[in-house]
Amino acid sequence: MFRRRGDGLIASAMLAPAIAILSIFVVYPLGRAVWLGHLRCDATGRKCRTSGWMQYFDVLRSSDFQHALKVTFVYALLTVPAGLVIGVGLAVLADKQIRGIGFFRTIFSSTVATSVAVASLIWFVLLQPQVGLLPDMLSMFGVMKNPGLLNDAGTALPAIAITSIWANLGFTFIIVTAALQSIPAELFESAMMDGAGGWKRFTNVTIPMLSPTLLFVSVVLVTRAFQAYAEVDLLTKGGPNPERSTETVTYLIYGQTSLVKNDIGLKSTTAVLLFVILLVLSLVQFRSLERRVHYGN
Amino acid sequence: MNTPKKYLFIPLIILASAVGSACSSGKSVTSGGNTAAPADSAVGTTLPELAACDTTALDSVTSPIEMTFWHGMNTTLADELVKLTDSYNSSQTKVKIKLVAQGGYEQTIDAYLQGSESSRPDVVQMPEYMVQSMVDTKTMLPMQSCVNNAKFDLSTIGDKAVTAYSAQGVLQAMPFNLSNPVLFYNKKIFKAAGLDPEVSPKSLEDLKAFSEKIIASGAAKYGISLDSALDSGGGWYLEQWFAKAGELYTDNDNGRTARSTKVLFNSKTGTELLTYLQELLDSKLAVSVGDNASGQDQLLKLVDKKELTAMTIATTAALGPVMDVIKGGQFKEQISLEDLGIGPMPGPDGTQGALVGGASLWIVDKGDNVKNAAAWDYIKFMVSAQSQSTWAAKTGYLPVNKSAETLDPLKTTYATDSRFKVGFDQLMSSKDAPSSDGPIIGPLREVRTVVAQAVAAIFKGADVATALAEAETKANQLINDYNALNG
């Protein structure tokens, strides 16, 4: 394999820093989490007793975990397609050389500089049933129900999803805008010469050329949806009770009202399960979307 | 991405089995553990030997000792804590306290329990539901050690506060910020309804009668706003009502004579109380604000023009901040500073008394005599009559020091504004019985979480008996798991 014995040594030496960092910060914590997953512990993680490896199946089959998983999937379905469509739509609209377009680009991308916490607080104030702005506006259309969108089991999750879509819009917009600007103008010109109209050019030139970017953005958005925590913590704390309609898996792991929060063992079990599910999901996403991605020549 | 296609079904099956509700066990996530026999170690007996606290270790110190104090105070309360600590730092040269705001009680708990030993502070503020868990971390210096060593006169501190923070027969932490729930009401609405604005409902029957009168008069849409949050209507108030009714919340005298092994809230008292609240909501005398995610939704109902509400229950610690908001003038149409009425929390049969809420100060034992002595010196200052007088007058917390009310500014505050004294009088009138000391159990926070879910379900019309029985099962499971690990 190596031309000289020395090559192997040099290669190992060069790989060593990366191996060391990965082992300390990725492999060891992951291994430890898997190990902790079969224990029941106190909050400091220093007092533990074994509960058996079946704990993974017990948690997987528990009603709390399945409920949280369902909420997480629904949340991803609510946020990812909508976020993608709006983000691409705005980017295409703003991709014109007209006067004052910089103003709109700034506005559309501004949320990238907004942290999830700040975004959540803005929406919390907007949605507050007593002093908020939105309830007053919505009540004019008869949409508003009494306890407020965040206190209603049916509307709490969509309300959080809106916050998240808004907060992620800047990210999608910037990435897609950059990708649009890298599409060679000749492609559009030749499409026009072939008689393609605006919509034809969008579906036959823009979308295929954007596809690698769209795959990237959708994977990032799905991951973000599965990691959503701050929005839930600030807006509903997993509630409204007793339905727990916004309790995502991450919130079940370490939310303020989580029953496993102070048990490092059960917490690890749940976290490892989430990791496995995300791994599977990413594999599926890559395999099913990759074939449609056009990487150009 | 060279994974052969045929292997893709393996992860898919795992995924499907996870999502498929067909294989749901229907059990709670915490119910898997093999429960060991409940521990029977007595907590009531004094430990054979208390860890040493040499309070004279500070005498020989020449350069200032730097100390860190983690706290969970916010807004007005945090500002006052900073002022009090500044005056301690400038009052002497041996100790310098550095305050670190963690953002709230829960954040403080997480930072303390999950952080490494080296990152821990020297002094930490912990809420009342953490007593047993903090003792079980075995990282704290029992306050009693320093009290004994310094020959500190513990009788200067309120008796109820001392018993609330005692476990294993000794004082574990120094009570600092004391609170309990009181009734907040709008006198303007009381007047409009033809009620005496100076008289608030004392019993649950009164509360209902007052609400009926207010609604009939058209002065407000609802009598009272209720919430089902675990730190208030969903958990803490229920413990308060049990204390008022003279009933124990958990066995073994609320965990005071030995570790609690089970909860007792699924009883006649519990059923009656929650049925009463459910009826208040059903008959539209009360309005529920649900989980109260903002922590102020129940209070904001008092100024909600669309659904004006006359009364609500909130902690005394909210008094200072609420007055600041009213002074801000945003709601001057609905309520003025004079219109805000405070009364004792209505209870079964009008019984007075309340459990100690709020938080206490803990010394983190790092085996350093000088640091322990410095922590004690600071804590002694914080609970002195003068400090507590200032603290209580500014925040609405109740003084832990018995002499604080004889000193200004609290003396003047109590004399000129009786609203600040309501919680204090309520606490003083508590019965001298284990039921009045409140429950101590390791997973009190988690038990409150399951109780809050039951209360929320009941508020939304669920069957009281079923909801309580379910909460009882879950709570007992939590207690058993905890005791098996810590017994």
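The domain assignment divides chain B into domain 1, made of 65–179 + 356–407, and domain 2, made of 181–353 + 438–486. The model is a predicted one. Between the C-alpha centres of domain 1 of chain B and domain 2 of chain B there are 28 Å. In the contact between them, 19 residues of domain 1 of chain B meet 17 residues of domain 2 of chain B.

On the side of domain 1 of chain B that touches domain 2 of chain B, two or more residues each are given by helix 2 (75–91), helix 4 (131–137), strand 13 (357–364) and helix 15 (385–395) of chain B. Helix 4 of chain B has the largest share of that side, with four residues. By class, this side of domain 1 of chain B holds eight nonpolar, nine polar and two charged residues.

Next, the sheet. Chain B has an open sheet of five strands with mixed pairing, in the order 10-9-11-8-12. Strand 10 (286–288) and strand 12 (340–344) of chain B each have a single partner strand, so they stand at the edges and one side of each is left without a neighbour in the sheet. On average, and with direction ignored, neighbouring strands of this sheet are turned by 30 degrees against each other. Within the sheet, strand 9 (residues 222–226) of chain B pairs with strand 11 (residues 309–315) of chain B in the parallel sense, over three bridges. Opposite B:Ser225 stands B:Thr312, in strand 11 of chain B.

The contact between the chains takes 42 residues from chain B and 44 residues from chain A. On the side of chain A that touches chain B, helix 2 (55–61), helix 3 (63–94) and helix 12 (264–290) of chain A are the elements that give two or more residues. Helix 12 of chain A gives the most, eight residues. The residues of this side of chain A comprise 19 nonpolar, 15 polar and 10 charged.

Helix 3 of chain A also packs within its own chain. Its axis and that of helix 7 (residues 156–181) of chain A come within 7 Å and cross at roughly 40 degrees, which makes helix 3 of chain A oblique to helix 7 of chain A. The crossing of helix 3 of chain A and helix 7 of chain A is right-handed. The contact of these two helices of chain A has 20 nonpolar, seven polar and no charged residues.

Methods. Residues are numbered from 1 along each chain as its sequence is written. Chains are lettered from A and ligands numbered from 1 in the order in which they are written. This is a predicted model: local features need pLDDT of at least 70, side-chain atom pairs count only at pLDDT 80 or more; totals for chains, interfaces and linings use all residues. Two strands pair if DSSP finds at least two bridges between them. Axes are lines fitted to C-alpha atoms, for helices over the stretch in contact, and angles run from 0 to 180 degrees between N-to-C directions. Two residues are in contact if their C-beta atoms, placed from the backbone, lie within 7 Å. Ala, Val, Leu, Ile, Met, Phe, Trp, Tyr, Cys and Pro count as nonpolar, Asp, Glu, Lys and Arg as charged, and the others, Gly among them, as polar. Angles under 35 degrees count as roughly parallel, over 145 as roughly antiparallel, 65 to 115 as roughly perpendicular and the rest as oblique. A crossing is left-handed if the near helix is turned anticlockwise from the far one by less than a right angle, and right-handed if clockwise. Domain bounds come from an automatic or database domain assignment.
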